[in-house]
Amino acid sequence: MTSSNPAIPQLEKVVSRSPGSPAFARLADIYRSQGQVDKAIALCEDGVKANPIYPTGHLLLGRCYFEMERVDE
C-alpha cells in the first residue's frame, strides 16, 4: 500500500528536530505499513540509538527486520 498518510509531514518534522522523539516509531510504522520497510528500518535504527530505552522502537525495529527476513539482526 502506498497511499499517503496525512500524519507523515508532521511526524517527519518532529523526528527531524528530535530523532530520539518517540514519534520516530509511529512514523516508521506508517512507512512499514506502506511497504517502505527499508526506510522504516533506517528510521528505527537512528531512533533507538538516540533513545535506547524506548521499547516500542526496539519492537518495531525487530518487526521490520523480521519482515525483511533479517532475523539475525
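Arg 32 is found in helix α2 (helices are DSSP runs of H or I, at least four residues, numbered from the N terminus). Keep in mind that this is a predicted model, where local features need pLDDT of at least 70, side-chain atom pairs count only at pLDDT 80 or more, and totals for chains, interfaces and linings use all residues. Residues are numbered from 1 along each chain as its sequence is written, and side-chain values use heavy atoms, with hydrogens and water left out.

**How α2 meets α4**
- The axes (lines fitted to C-alpha atoms over the stretch in contact, with angles from 0 to 180 degrees between N-to-C directions) of α2 (residues 23–33) and α4 (residues 55–67) come within 9 Å and cross at roughly 20°.
- That makes α2 roughly parallel to α4 (angles under 35 degrees count as such).
- On the α2 side, the contact (heavy atoms within 4.5 Å) is made by Phe 24, Ala 25, Ala 28, Asp 29 and Arg 32.
- On the α4 side, you'll find Thr 56, Gly 57, Leu 60, Arg 63, Cys 64 and Glu 67.

**A closer look at Arg 32**
- Arg 32 is buried, at 17% relative accessible area (buried means under 20%, with a 1.4 Å probe and protein chains only).
- Leaving out residues up to four places away in sequence, Arg 32 touches Val 37, Ala 40, Leu 60, Arg 63, Cys 64 and Glu 67.

Key
Helix = DSSP H or I, 4+ residues; strand = E, 2+ residues; numbered from the N terminus. Parallel < 35°, antiparallel > 145°, perpendicular 65-115°, else oblique. Buried < 20%, exposed > 50% of the residue type's maximum accessible area, 1.4 Å probe, protein only.
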